[in-house]
Structure formats: structure tokens, C-alpha cells
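User: I would like to go through some labels used for this model and what each rests on. Please set the values against the definitions.

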Amino acid sequence: MIIRKSREEIMKMREAGRIVAGVLEMLEKHIRPGVKTASLDSLAEEFIRERNGTPSFLGYRGFPASICTSINDVVVHGIPGRTRLREGDIIGIDVGVILDGYQGDAARTYTVGEVGEAALRLMDATRDSLYAGIDACRQGNRLGDVSNAIQRVAEERGFSVVVQFVGHGIGKEMHEEPQIPNFGPPGRGPLLETGMTFALEPMVNEGTYEVEVDEDDGWTVRTKDGKLSAHFEHTVAITGEGPSILTLP
Ligand code: MG
């Protein structure tokens, strides 16, 4: 069942989302060659707790950090640690916050210094595919219209979408129904109604769509061919006035 939220609940999710967006904005100033991903994690946790939020990823199924830091061929779920950023890297950062019982979840891919043309095109395509998906989050559309909008933009630009990991409903829980694939035919799936709240999160690869999970840490997801991957995410509410992004500063 897809849980529809009241106006008050959506307001609470927007407050959690504001902290998430604040973390992503704050981290931008710290992303440069030489910085350890563990330092970014500490900064994020401090920012969240200062605002009375709780990092929702920390301890989730044993995840050991407050944010995910996914560099270059890492698709999602990279664990912050001693790794230092290098000139030319791209890094996806995913942040989840719970505030007053409600969740916000967003991600963004950043450049470290000067990056190559291919990386920039991949990041643009991923961001644009997210916004195409958000624009399809309208009463009367079907979930497949959202998935298809994301896939179409990514593939038109010559990239592939990850199928093994998907977006999700969100509210009191970080992961609620429905699962939201970043691919599939339009016109199928549940009808979208006001009060539904979704975390849309295209993961788009430069090469193959195939990915593999690191056997040692059980978390880090990498592209099978070692090529780049980008990730952008927003939490979105379907309202009578159209889609409303909840993870904004
Ligand atoms: Mg998510």
C-alpha cells in the first residue's frame, strides 16, 4: 500500500528535507582534492545533529556512517573512510535525515577540481533524468510514466540506467512502497495521487548498466566495467499544484 500523507505530514518531511539539502550545500565547500571521505561524514553528522535531526543511514542494516560517499565507478552505498578525493574524481553523496519522525532523502554528484568532458555529460544526463521523473510526478499519471521519463532522458544521451537499485516511497520510514524503477514502459503501475511522497534516484552509468556489490564490505556498489556512474536524488510530494520537491534549502 502506498501511504498518502496529510499536508501537515508533508510539512514535516519538508523540514527534514531542508536539513538534507543543507548538508549537501555545506559539503560543496569542503569537496576538493586531498579531503578524506570520513571528514565529509563527520561534517555531515555534526550539521544534522546541530539541527536536532538524526542521520537515518547511520546503523541502518549496520551501515557504519551518516552519508554514502560514492567515487567514480562506485554507483551508490560507498562507505566514508580514509580514501582521499583526487583531482578529476566525481563523488556522489547521499544523505538521509529523520526529524520529528519524518524522513528526507537526497543525493547529488559533485566534481573534484577539473573533471573530464564525459563525466560532466554523465552528471548532466543524470540530473536531467531526475528532473524529468519529478515532472512526471502528477496526479493522474501512473508510476510507469515516472520511471519511463527517467530512462528516456538517460538513454537519449547514450548512457544506461542501473536496474538493480531503485527509488522508493518515503515518509515515516526511509523505504516505503512503492519501489520506483528508473526504467520501464509508460502507462503502467499504480495511479499517482496527491499526498504520495517519493524518493526518486536515478543511478546512471557511462557504460554497462550492470553493477556488483563489494564482497568484503557488503555495501559498495560498483559498475561491472569500471566506468563512471552518477547519482542524483530528491524527495518529492505529489500535490494538487503538481510535484513539490521537499529536499530544498
Ligand atoms: Mg533513497
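Analyst: Just after H4, Gly158 has a positive phi of about 90°; helices (H or I, at least four residues) and strands (E, at least two) are DSSP runs, numbered from the N terminus. This is a predicted model, where local features need pLDDT of at least 70, side-chain atom pairs count only at pLDDT 80 or more, and totals for chains, interfaces and linings use all residues. Residues are numbered from 1 along each chain as its sequence is written, and side-chain values use heavy atoms, with hydrogens and water left out.

User: How do you know that the span of helix H4 agrees with its 14 residues?

Analyst: The expected span is 1.5 Å times one less than the number of residues. For residues 143-156 that gives 20 Å, and the end C-alpha atoms are 20 Å apart, so the two agree.

User: What makes Arg157 and Asp128 a salt bridge?

Analyst: The term requires a side-chain nitrogen of Lys or Arg within 4 Å of a carboxyl oxygen of Asp or Glu. Here the closest N and O atoms are 2.7 Å apart, so the pair qualifies. Arg157 is in the loop between H4 and S6 and Asp128 in helix H3, so the bridge ties together parts 29 residues apart in sequence.

User: Why is Glu50 called exposed?

Analyst: Exposed means over 50% relative accessible area, buried under 20%, and partly exposed in between (1.4 Å probe, protein chains only). Glu50 has 52%, so it counts as exposed. Arg51, its salt-bridge partner at 3.4 Å, N to O, has 38% and is therefore partly exposed.
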